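Reader: I would like to go through this model step by step. Please show me the sequence and the structure.

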There are 2 protein chains.
Amino acid sequence: MPEFLNLLPPDDALNKFLDALPTYVETEKIPTSQAVGRVTAAPVLSPHPLPEFRRSTVDGYAVRAADTHGANQSLPVYLTLRDEVPMGATPDFTVEKAGCALIHTGGMLPPGTDAVVMVEYTQTSRPGEVEILRSVAEGENVIEIGEDVSQGQEVIPQGRRLRAAEIGGLMALGMTEVLVARSPRVGILSSGDEVVPPGQRPAPGQVRDVNTYTLSALVERAGGVPLTYGIIPDTREDMEAAVAKAKDECELVVVTAGSSASTRDLTAEVMDAQGEPGVLVHGVNVRPGKPTILAVAEERAFIGLPGNPVSALVIAGLFVTPTLRAMLGLPPERLQPTLPAKLTLNLSSKTGREDWIPVQVQPSPAGGYHAEPIFGKSNLIFTLARANGLIRIPADANGLRAGEEVAVRIFDA
Amino acid sequence: MPEFLNLLPPDDALNKFLDALPTYVETEKIPTSQAVGRVTAAPVLSPHPLPEFRRSTVDGYAVRAADTHGANQSLPVYLTLRDEVPMGATPDFTVEKAGCALIHTGGMLPPGTDAVVMVEYTQTSRPGEVEILRSVAEGENVIEIGEDVSQGQEVIPQGRRLRAAEIGGLMALGMTEVLVARSPRVGILSSGDEVVPPGQRPAPGQVRDVNTYTLSALVERAGGVPLTYGIIPDTREDMEAAVAKAKDECELVVVTAGSSASTRDLTAEVMDAQGEPGVLVHGVNVRPGKPTILAVAEERAFIGLPGNPVSALVIAGLFVTPTLRAMLGLPPERLQPTLPAKLTLNLSSKTGREDWIPVQVQPSPAGGYHAEPIFGKSNLIFTLARANGLIRIPADANGLRAGEEVAVRIFDA
């Protein structure tokens, strides 16, 4: 087992861990209407072109473009009104030369026509005749067959988290079911002899379990299914039994170690005993979260988090969320939007260590935003509740200065 | 009813609409463990201080700070080891002058002590005696009673969307239930004679319903409960009956109008007939989405969206999402994180109109990101599926230039 004080930078620690994870993704077919937020397990190919017929994009008159050449306000072209295109049906007529047909947005172009003149550029002075006041080019105001997608085209890649737009696209193609990655089950174990369930009144010296619930919320947001295993007493037998059970039932086992050094060591030993390769990382050069443990054994992943609720939640964002992304088949890179804000205070930091600082971002009277660091010992859960974002002090910096612009990662809200 | 072409800027349109909405929020008490993403309906006050006893933040020795004064590496102070503090229980001993007690992180300070010396700054050369190599101040490495929150303190304000951190905070206080705003029910009606359900093979001239599903996904993300009413035929009777039914069952009724002008007018007329004040906005100076309708009647809200799937989804983000925020009691201001990216193309825009352009953001070989506008007629749903964000061209601009830095609103993923 690596030495506790052999501290890796967080990115290196994560990569070492993810490289050792099995890449196999279990899949399931689910109704598209329930697939928002799920991740595609195979590329989606279009079964037919979209649209399947030439559609008008405007209200107006379907014409042969050639008939409108030279038309303008002072010298209109006169076309014979053939008929009206019914919505949702094939026109049962053909438009001959110098003819036109009334058409609505989304209507199917009648045979013989190749463009649509917007109703704004027409006049109907005599029944059965339409004045065209502007010429159109072939294809103008028309969506061609396959203009959205062609038959057989890959419309959604594998490993894409489905948003509203993709759900709509699948429905447009009639794909009412979709193959997605099964949501990884994440076992959550709390430990600590001082920890009691939230519904219980703690005796003096006891505190209520927080991590089970903050981590369940984080896991759900990240696309996993949290399974909770309660509060495990700080003995080797209890921890071994609980980890073994969770390993059988889950792809990822997360233990928030009791916060004392002996409990943390116990967690690492139990994880290391699960099989090869065992503990890969024990100690990460990040604050908060130095005692983080990352292990892989028998195609299962194990993460040991600090027991302090703030550290546990911040570090879960750095390690549990990317692990779930990998298990779901999502690409490791992720677009990380931030909010630029001016820091209100100097922050010092140790060179070589990455720091994550909770901040409260608020609109600044001077315009823009300012970010106020929320200090507080990492046992104080309301530190994080008072913050609305995090800033990162990279390992190569020794701090940030008041007035400096920082990129705040805003918490989901 | 206001004239169609009396176009308001989107912000003005939204404010006019929200000002007319009833502010009454229905509430319900739910288990805290299921409350992530829900919005508090009342301020949460702490029933007791947190922590309720003085806790150590480190592994070490609980001491009287005064006893350690002057201690350093070359001149240690020697203290008598009294006992070990048990985890999760009150120490049953008192530490007298020149005494100390072994304590673990999270342990309760024994009577008589007021600080903790980290184990790193101690040595135990003789049994029953501890060498203190560094002095500590009173309260050092200790969390005081009420240091996280004091009794009766407002720990979570009303109108806050609960994140993992707040769930943890509630659990730490033993509040296993929480009063939240009931999720508004949103009726979703599609209209258009050419529209068929996704499970059906469209005949020539027909297209599958997309908006019901994209809008359901959006509503769910925004904290509402979507109720779908299917595809309504383009007749006044059918539309009236469907809107009346949805109004009875929902707080907000969203109709995606068939895309032809006559259907849009029908939607506005039916909404206006629902009661006072009726249609407040008909036409917004935004692209896509000019034909947007906003109405209030009998304490219900009504939004008419363009039938084109891209317009419907973009405009729903501008109007449906903020309406749900207001109904949930969330503050109107929202921190909007963005990703800075360089635009790859010139974009022109009409001064006075606000434009929203779908873009695909990708890492740039030169570092940073570039944003490529995804063009496509707004009937093409895969336009949005290919994009991963939106950029806004404000009304007072006549476009954006290639190479300019833009702030991209990244879609949820």
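Reader: Which residue is the bridge partner of A:Glu84 in E6(A)?

Author: This is a predicted model, where local features need pLDDT of at least 70, side-chain atom pairs count only at pLDDT 80 or more, and totals for chains, interfaces and linings use all residues. Residues are numbered from 1 along each chain as its sequence is written, with chains lettered from A and ligands numbered from 1 in the order in which they are written. Strands (E, at least two residues) and helices (H or I, at least four) are DSSP runs, numbered from the N terminus. In E6(A), A:Glu84 has as its bridge partner A:Leu102.

Reader: In what sense do strand E5 and strand E6 of chain A pair?

Author: Two strands pair if DSSP finds at least two bridges between them. E5 (residues 77-84) and E6 (residues 99-103) of chain A have four bridges. Their sense is parallel.

Reader: Which element gives the largest share of the side of chain A that touches chain B?

Author: Residues are in contact if their C-beta atoms, placed from the backbone, lie within 7 Å. The contact takes 73 residues from chain A and 73 residues from chain B. 100% of the interface residues of chain A are also interface residues in chain B, so the copies meet through the same surface. Eight residues, the largest share on the side of chain A, come from H2(A).

Reader: In the largest nonpolar core, which residues have the most contacts?

Author: A nonpolar core is a set of buried Ala, Val, Leu, Ile, Met, Phe, Trp, Tyr and Cys residues joined through C-beta atoms within 7 Å. Buried means that 20 or more other C-beta atoms lie within 10 Å of a residue's own. The largest core has 207 residues, and those with the most contacts inside it are A:Val254, A:Ile303, B:Val254 and B:Ile303.

Reader: Which turn residue has a positive phi in the hairpin of E24(B) and E25(B)?

Author: E24(B) and E25(B) pair in the antiparallel sense over five bridges. Five residues lie between them in the hairpin. The phi is about 95 degrees, at B:Gly367.

Technical notes: Two residues are in contact if their C-beta atoms, placed from the backbone, lie within 7 Å. A residue is buried if 20 or more other C-beta atoms lie within 10 Å of its own, exposed if 12 or fewer, and partly exposed in between; C-beta atoms are placed from the backbone.
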